[in-house]
Every structure is written in structure tokens, then in C-alpha cells.
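Have the sequence and the coordinates open as you read along.

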Amino acid sequence: MKYYLNLFSPSTWLAFNENNASVSGFSKHQKTRANKIEKGDIFLCYLVKLSRWVGALEVVEGPYEDITPL
């Protein structure tokens with residue numbers, strides 16, 4: 001199990017929660033990093049601008065590519 005920092009702005013945290021808090025995304029230029037994420041890894045979620053830890057998310061599926069805007 002590995003741990004990753006997942007940074008959210010107030011607006012991206014709101015969008016994440018409005019979309020069932022079930023998918024966290026990466027930009028295309030972070031594809032190599034995203035491919036290293038495995039089932040069971042943990043995302044430690046930090047809310048920038050408000051300086052708050054807001055969650056720990058367990059990865060339940062490996063990465064996949066999806067171009068659907070959220």
C-alpha cells in the first residue's frame with residue numbers, strides 16, 4: 001500500500017462531492033504517475049487555501065482513461 005497526496009481547491013472539492021466523491025482525476029501530463037496507482041493505495045486529501053485535511057480515500061480500482069468532464 002502506498003500513500004499519495006491529493007490536493008483540492010475549494011471548488012474542486014465541491015465538484016468532487018457533487019459527483020458522488022467516487023472518482024479523482026489526473027491531467028494527461030500526469031498519466032505516468034497515475035499508472036503507478038494500485039488497488040488498496042490511499043489518497044490523503046488536503047484542501048488548499050483553507051489548509052485542511054479533508055479525507056483519506058482508498059483506491060478500489062486501478063487507473064483508467066475517461067474524457068468525460070466533471
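Trp 53 lies in strand E3. In this predicted model, Trp 53 counts as exposed because its relative accessible area is 59%, and the cut-off for exposed is over 50%. Trp 53 also belongs to a nonpolar surface patch, together with Met 1, Tyr 3, Leu 5, Leu 7 and Leu 44. The accessible area of these residues together is about 740 Å². Strand E1 is the main contributor to the patch, giving 3 residues.

| Pocket | Volume | Lining by class |
|---|---|---|
| Largest | about 1,100 Å³ | 16 nonpolar, 9 polar and 6 charged residues |

Which residues sit closest to the centre of the largest pocket? Out of 31 lining residues, they are Val 23, Ser 24, Gly 25, Phe 26 and Tyr 64. Helix H1 (10–18), helix H2 (31–34) and strand E3 (52–58) each give two or more residues to this lining. H1 gives the most, with 3 residues.

In the second largest pocket, strand E1 (residues 3–8) gives the most to the lining, with 5 residues. The lining includes Tyr 4, Leu 5, Asn 6, Leu 7 and Phe 8. Thr 12, Gln 30, Arg 33 and Phe 43 are also among the lining residues. Ser 24, Gly 25 and Phe 26 line the second largest pocket, and these three residues are also among those closest to the centre of the largest pocket.

How values were computed: Residues numbered from 1 in each chain as written. Predicted model: local features only at pLDDT ≥ 70, side-chain atom pairs only at ≥ 80, totals over all residues. Heavy atoms only, no water. 1 Å grid on protein atoms, 1.4 Å probe; cavity = no way out; pocket = protein on both sides within 12 Å on 5 of 7 lines; lining within 4 Å. Points joined across faces, edges and corners; volume = space filled by probe spheres on them. Helix = DSSP H or I, 4+ residues; strand = E, 2+ residues; numbered from the N terminus. Nonpolar A, V, L, I, M, F, W, Y, C, P; charged D, E, K, R; others polar. Patch = residues over 30% accessible without salt bridge, like charges linked within 9 Å, V, L, I, M, F, W, Y side chains within 5 Å. Areas by Shrake-Rupley, 256 points an atom, 1.4 Å probe, with all protein chains shown as cover. Salt bridge = Lys/Arg side-chain N within 4 Å of Asp/Glu carboxyl O. Buried < 20%, exposed > 50% of the residue type's maximum accessible area, 1.4 Å probe, protein only.
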